[in-house]
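Reader: Hi, can you walk me through this one? Please keep it short.

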Amino acid sequence: MSVPSLSLTVETRGGTTRLRLAGVLDYDTSDAFGIRATACVDADPRPAELHLDCAKLRLCDSMGLAALLMIHRRTVARGITLVLDDPPPSMERMLRITGTRHLFAPGAEESRGGPDELSETTD
């Protein structure tokens, strides 16, 4: 059994909490991510914004996306704005294809025309 390859670092300033992800968000690491992100959402005092910094994320698979969607549901239920910062190109593509990108970028739907204007084609 290999060691999970995801590093999570939490930074809190004012009403913003930033969760920095580095490594791989997949089947093996999504539970740990979910636990840490839920703790950020449930913190007292509750943050106004939760930023997920993905600049050092190498991979996000379908389980990683499922964990992101779970965190999105929790933040919405608590009135917290969830922002996905600097996703790698492969993650950005997955979010666009699944029509979920707008969930992690407040205002992106209005400024880019929304998920219905997906110009990517598949063969």
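**Salt bridges and core**

Author: Start with a charged pair: the side chains of arginine 18 and aspartate 85 meet in a salt bridge, 2.7 Å from N to O. Bear in mind that this is a predicted model.

Reader: Where in the chain do arginine 18 and aspartate 85 sit?

Author: Arginine 18 is in strand E2 and aspartate 85 is in strand E4.

Reader: Is aspartate 85 buried or exposed?

Author: Aspartate 85 is buried, at 17% relative accessible area. The cut-off for buried is under 20%. Arginine 18 has 23%, so it counts as partly exposed.

Reader: Why would such side chains pair at all?

Author: Side chains of opposite charge can pair when their charged atoms come close.

Reader: OK. How many salt bridges are there?

Author: The count is five. One of them joins the side chains of arginine 20 and aspartate 53, at 2.3 Å from N to O.

Reader: Which residues are linked in a network of salt bridges?

Author: Glu11, Arg20 and Asp53.

Reader: What about arginine 78 and aspartate 42?

Author: Their side chains form a salt bridge too, 3.0 Å from N to O. Arginine 78 belongs to helix H2, and aspartate 42 to the loop between H1 and E3, so parts 36 residues apart in sequence are tied together. Both partners are partly exposed: arginine 78 has 30% and aspartate 42 has 43%.

Reader: New topic. Which residues touch the most other members of the largest nonpolar core?

Author: Leu21, Phe33, Leu52 and Leu68 do, in a core of 26 residues. Strands E1, E2, E3 and E4 and helices H1, H2 and H3 each supply at least two residues of this core.

Reader: Why do nonpolar side chains gather like that?

Author: In soluble globular proteins, nonpolar side chains tend to be buried together.

Reader: What does leucine 21 touch?

Author: Beyond residues up to four places away in sequence, the contacts of leucine 21 include Leu6, Leu8, Phe33, Leu52 and Leu57. Asp53 is also among them.

Reader: Last one. Is threonine 17 buried or exposed?

Author: Threonine 17 is buried, at 6%. This residue lies in strand E2. Leaving aside neighbours within four places in sequence, its contacts include Val10, Cys40, Pro47 and His51.

How values were computed
Residues are numbered from 1 along each chain as its sequence is written. This is a predicted model: local features need pLDDT of at least 70, side-chain atom pairs count only at pLDDT 80 or more; totals for chains, interfaces and linings use all residues. Side-chain values use heavy atoms; hydrogens and water are left out. A nonpolar core is a set of buried Ala, Val, Leu, Ile, Met, Phe, Trp, Tyr and Cys residues joined through side-chain atoms within 4.5 Å. Buried means under 20% relative accessible area, exposed over 50%, partly exposed in between (1.4 Å probe, protein chains only). Helices (H or I, at least four residues) and strands (E, at least two) are DSSP runs, numbered from the N terminus. Contact means heavy atoms within 4.5 Å. A salt bridge is a side-chain nitrogen of Lys or Arg within 4 Å of a carboxyl oxygen of Asp or Glu.
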